Amino acid sequence: MRLVNTRYVKEGSVLARPVINSSGRILLQSGVRVTASYIERLITMGYDVLFIEDDRLQDVEFHMSITGQTREVAYKTIKNVSRYIESGQESTLVVADVRSSVEQMINDLLSSSDILGNLTEILGYDDYTFHHSINTTIIGLVLGIASGFSEQKLIEFGMGILMHDIGKILIPENILNKKTPLTDEEFEEIKRHTIDGFNILRKNNDFGLLSAHVAFQHQEKWDGTGYPRGLKGYEIHEYARLAAVADVYEALTSKRVYRKALEANAAYEYIVSQSNTHFCPQTLEIFKKHIAVYPSGSGVLLSNGQRGNVVKQNPAFPNRPFVRVFYEKEEELDSPIDFNLAEYPSLMITAVDNR
C-alpha cells in the first residue's frame with residue numbers, strides 16, 4: 001500500500017487501511033473501492049491522504065501505531081472525563097479507565113515491529129482536542145519507550161499526557177477554533193488551560209501528582225519563555241519536556257479548520273531547530289532517533305529525478321529510509337528499484353510527493 005493525497009486518488013482505488021474518525025469509528029473499511037462521491041466527501045471532511053492498495057508494494061508490511069479498538073477506547077475515556085468535568089464532578093473521574101487506556105496503548109506500541117514508521121493515521125479534523133490528545137500520547141509514549149522508562153513510568157507519564165489538554169474543556173469553542181489571530185485576552189484564556197487542567201486532575205486523589213504536572217508544565221519552554229510559570233531548563237519535569245515535543249509535533253502535523261497540516265519532514269525540521277530554545281536538547285536527541293522524518297508509505301521525490309515510496313525505516317538513520325522507486329520523472333520504470341538511502345550518501349529526498 002502507499003500514501004496518496006486524496007485529490008490524486010483515482011476512482012476505483014482500493015483502501016488499504018480503514019478511514020476512521022477521531023473517535024476511532026470506521027467510516028470506510030479497508031478493501032472498499034472508493035467512488036468519486038466518497039473522495040469528494042472525504043476531502044470536505046478534511047481527509048488529505050489515504051492509504052491505497054498497490055500491487056507493487058504487496059511484499060511490504062505497514063502497521064498502525066495502535067489498533068482501532070485501542071483508539072476508540074481512548075477516545076471514549078477522554079469523552080467521559082470531559083463529561084464529568086462539564087458537570088462539575090471532576091473529583092469522581094474514573095482514573096482506572098484512564099490507566100487502562102494508557103496500558104492498551106503501551107501494549108500496542110511495544111508489540112509493534114516498526115514503531116518508528118507507524119505514526120501516520122488517516123484522520124479528519126473533527127473533535128480536534130480529543131484526536132490531538134490521543135496522537136500526542138502515542139508520540140509521547142514512543143519517546144518514553146525510547147528513553148528507557150519503566151512500565152510504571154510509562155503508565156504515569158501516559159496518563160498525564162493523555163489528559164494534558166483537559167483544561168481546554170473550560171475554554172469556549174469560539175476561541176479554541178478561531179480562524180483569525182487571537183486577541184491578548186483570548187490568548188490569556190488559552191494559557192489558563194494548563195492551570196485549569198492541573199487543578200482538575202489534582203482534585204482526584206487517585207490521579208498521581210507527577211501525571212498532573214504534565215498538564216501543568218507542557219507549555220513551558222527550555223529557555224524560560226513558556227507558561228504558566230516561566231520554568232527554565234531542568235526546572236521542567238522530565239515528563240513535561242517529552243510532552244512538549246510530542247504536543248508541538250502532533251499539532252504541526254494535524255490539519256485544523258483554520259490551517260493546513262505540515263508534512264512530517266517539515267514538522268521534524270522545525271522541532272529540531274528549536275533545540276535550546278523551546279525544547280530540551282537531550283529530549284531532541286531522542287526525538288531525532290525515534291520519530292520518522294518520512295513515515296512509511298510516504299511518496300518521495302529523489303535528487304536523481306526518480307519517484308517512489310518509503311517502504312521501511314532505518315532506525316540508525318531516520319532521515320534516510322528504504323525507498324522503492326517506480327518512476328523516472330513521469331515515466332514508469334519497467335521494474336521497481338529498491339534503495340537503502342543509508343548506502344547512497346549522494347542520493348537525497350528532495351520533496352514529499354504523495355501522488
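## Starting at Lys329

Let's begin at one spot on the chain: Lys329 counts as exposed because its relative accessibility is 57%. The cut-offs work like this: buried means under 20% relative accessible area, exposed means over 50%, and partly exposed is in between (1.4 Å probe, protein chains only). Lys329 sits in the loop between β7 (322-328) and β8 (331-340). Helices (H or I, at least four residues) and strands (E, at least two) are DSSP runs, numbered from the N terminus. Lys329 also has a positive phi of about 55 degrees, although it is not a glycine.

Before going on, a word on what you're looking at. This is a predicted model, where local features need pLDDT of at least 70, side-chain atom pairs count only at pLDDT 80 or more, and totals for chains, interfaces and linings use all residues. Residues are numbered from 1 along each chain as its sequence is written, and side-chain values use heavy atoms, with hydrogens and water left out.

Most residues other than glycine have a negative phi, and most peptide bonds are trans. Asn276 is another residue to look at here: its phi is near 75 degrees, a positive value in a residue other than glycine. You'll find Asn276 in the loop between α10 (264-273) and α11 (281-290). Asn276 counts as partly exposed because its relative accessibility is 49%.

Which peptide bond is cis, with omega near 15 degrees? That's the one from Tyr227 to Pro228. Pro228 lies in the loop between α8 (209-217) and α9.

## The whole chain

Now zoom out. The protein chain has 11 helices and nine strands. Its C-alpha atoms fill a box of roughly 65 × 45 × 40 Å, taken along the principal axes. With 355 residues, a compact globule would have a radius of gyration near 20 Å, and the protein chain agrees, with 20 Å. That radius is taken over C-alpha atoms, and the globule rule is 2.2 Å times the number of residues to the power 0.38.

Buried residues make up 53% of the 355 residues in the protein chain. The chain exposes about 16100 Å², with carbon and sulfur atoms supplying 48% of it; accessible areas come from the Shrake-Rupley method with a 1.4 Å probe, and for residues only the protein chains shown count as cover. As for contacts (heavy atoms within 4.5 Å), take those between residues at least 6 apart in sequence: 65% of them join residues at least 24 apart.

## Inside the core

In soluble globular proteins, nonpolar side chains tend to be buried together. A nonpolar core is a set of buried Ala, Val, Leu, Ile, Met, Phe, Trp, Tyr and Cys residues joined through side-chain atoms within 4.5 Å. How many residues does the largest nonpolar core have? It has 65, and those with the most contacts inside it are Ile134, Met163, Ile271 and Phe287. Helix α9 (residues 238-252) gives the most to this core, with nine residues. Apart from this core lies another one, of 11 residues, among them Leu28, Leu42, Tyr47 and Leu50.

Take a closer look at Met163. Leaving aside neighbours within four places in sequence, Met163 is in contact with Ile78, Val81, Val98, Leu201, Phe207 and Ala215.

## An enclosed helix and its surroundings

Why is α8 described as largely enclosed by the rest of the structure? Because seven of its nine residues are buried. The buried ones are Ser211, Ala212, His213, Val214, Ala215, Phe216 and Gln217. What covers them includes α5 (151-162), α7 (184-202) and α9.

Ser211 is found in α8 and is buried, with a relative accessible area of 3%. Over in helix α5 you'll find Gly158, which counts as buried at 0% relative accessibility. Gly158 touches Val102, Thr137 and Leu141, again leaving out residues up to four places away in sequence.

## Sequence versus space

Thr67 and Ile291 are 224 residues apart in sequence and 19 Å apart in space, C-alpha to C-alpha. Thr67 is in the loop between β4 (49-52) and α2 (68-86), and counts as partly exposed at 37% relative accessibility.
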